[in-house]
Amino acid sequence: MLKGKNIIITGCLQGIGRATMNKFASYGANIFACSYKKTDEFEESINELSKNYCVSIIPIYFDMNDNESIKEAVKEIQKMKIPINALINIAGIARDAIFHMVTMEQMHETFQINFYSQIVFTQYITKLMLRNGSGSVVFTSSITGYDGNNGQLAYGASKAALHSTVKTLSKELGPKGIRVNAIAPGVIETPMTIGLSQEVINSKLVKSDIGRMGTPDEVADLYVFLASDMSSYITGQVIRIDGGIG
């Protein structure tokens, strides 16, 4: 389904990003695996993944708090002189605090990582896609961007901003062959949910039709679908993957 495609994925170090990198490799995609830091474990894992599936996996390290760092990362990708078929924006942070305790520093940092940096990176990468006249961009939102959540003003607002972005970019880039969508995960078993109390998790799951947390692999499957030609007529959508949380 993705054999020979060249995919950029951010947030590959752990959680949903790591699972998505593994899933794309299993489908034969070559990957630019983006992470905010280099570790021996990460380097070893991508080397093993590359050998197992006979694909190219190139690590790209950059700081999403630093637009110059983002620019340098794009230059590394440009040097390869290969067509980019899809960009999967997964990297993100959550800085939780109840409304009256939220600081402007928390707001700025959350928006920088979850929104501004992704706009900058996507601007650069879609310019590369325009050379080929095709491509798929997938952002990562959250059901919190739709529903809100206690203590997640900054996080929810930064994710909600992506919803409008998807609609606008779909209109601008669709005629040029580039599709733009987003995924809005619910409660997923990731390092981000480890810090949540069981009470908070249960308060979400009680509203779920399926009644359990989702797995990173289940979310990764949706990224694969939206990056592939199987979704060639889907654009401008924010798709919930939440087990039926209402």
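## Helix 1 against helix 9

The axes of helix 1 (residues 15-26) and helix 9 (residues 216-227) come within 8 Å and cross at roughly 55 degrees. Helix 1 is therefore oblique to helix 9 (angles under 35 degrees count as roughly parallel, over 145 as roughly antiparallel, 65 to 115 as roughly perpendicular, the rest as oblique). Axes are lines fitted to C-alpha atoms, for helices over the stretch in contact, with angles from 0 to 180 degrees between N-to-C directions. Helices (H or I, at least four residues) and strands (E, at least two) are DSSP runs, numbered from the N terminus.

Contact means heavy atoms within 4.5 Å. From helix 1, the residues include Ile 16, Ala 19 and Phe 24; among their partners in helix 9 are Val 219, Tyr 223 and Val 224.

## Model and conventions

The model is predicted: local features need pLDDT of at least 70, side-chain atom pairs pLDDT 80 or more, while totals for chains, interfaces and linings use all residues. Residues are numbered from 1 along each chain as its sequence is written, and side-chain values use heavy atoms, without hydrogens and water.

## Aromatic pairs

The whole structure holds five aromatic pairs. Phe 42 and Tyr 61 form an edge-to-face pair, 6.3 Å centre to centre, with 70 degrees between the planes. Rings of Phe, Tyr and Trp (its six-membered ring) pair if their centres lie within 6.5 Å; planes under 30 degrees apart count as stacked, over 60 as edge-to-face, the rest as tilted. Phe 42 sits in helix 2 (residues 40-53) and Tyr 61 in strand 3 (residues 57-61), 19 residues apart.

Phe 42 is buried at 0% relative accessible area. Tyr 61 is partly exposed at 24%. Buried means under 20%, exposed over 50%, partly exposed in between (1.4 Å probe, protein chains only). Phe 111, Phe 115 and Tyr 116 form one aromatic cluster.
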